[in-house]
Amino acid sequence: MNWNRGSLTGLLRKELQLFMKYCGSCHQSGPRNFLAGSTEEVIIGNLKQKAAEHSQRLNWEAPQAGRSPMPPTRAKENAALSAAPEDRQRMRAFLESLR
């Protein structure tokens with residue numbers, strides 16, 4: 001079961017709400033579905049497995065060679081996250097807390 005971004009967002013902790021908002025449209029399903037899960041604990045476990053990589057992909061100031069920043073620069077989520085730098089900072093801080 002996946003979290004429904006529309007109806008259950010209020011039940012998720014604030015950090016996960018940010019990931020759902022900016023990453024959920026691509027990463028709740030498909031091959032890179034680290035936001036799929038039936039509980040917060042499952043989703044946090046998924047994020048923890050690759051916390052360093054996720055943090056690096058959100059580090060737009062120092063992108064890793066050969067890796068594109070996330071969300072992709074052409075995605076509407078990138079524009080939204082660009083307009084809310086404090087959200088990206090909170091997401092990175094949360095990922096660092098998982099390491």
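The lining of the largest cavity comprises three nonpolar, four polar and two charged residues, where Ala, Val, Leu, Ile, Met, Phe, Trp, Tyr, Cys and Pro count as nonpolar, Asp, Glu, Lys and Arg as charged, and the others, Gly among them, as polar. The model is predicted, so that local features need pLDDT of at least 70 and side-chain atom pairs count only at pLDDT 80 or more, while totals for chains, interfaces and linings use all residues. Residues are numbered from 1 along each chain as its sequence is written, and side-chain values use heavy atoms, with hydrogens and water left out.

**Cavity**
- The volume of the largest cavity is about 40 Å³, and the residues lining this cavity are Gln56, Arg57, Asn59, Trp60, Pro63, Gln64, Arg67, Ser68 and Pro69.
- On a 1 Å grid over the protein atoms alone, a cavity is a set of points where a 1.4 Å probe fits but cannot get out, whereas a pocket is an open set with protein on both sides within 12 Å along at least five of seven lines, and lining residues have an atom within 4 Å of a point.
- Grid points are joined across faces, edges and corners, and a volume is the space filled by probe spheres set on the points.

- The largest pocket has a volume of about 490 Å³, and among its 21 lining residues His27, Arg32, Phe34, His54 and Met70 are the closest to its centre.
- Helices H1 (14-27), H2 (40-49) and H3 (51-57) each contribute at least two lining residues, helices being DSSP runs (H or I, at least four residues) numbered from the N terminus.
- H1 gives the largest share of this lining, six residues.
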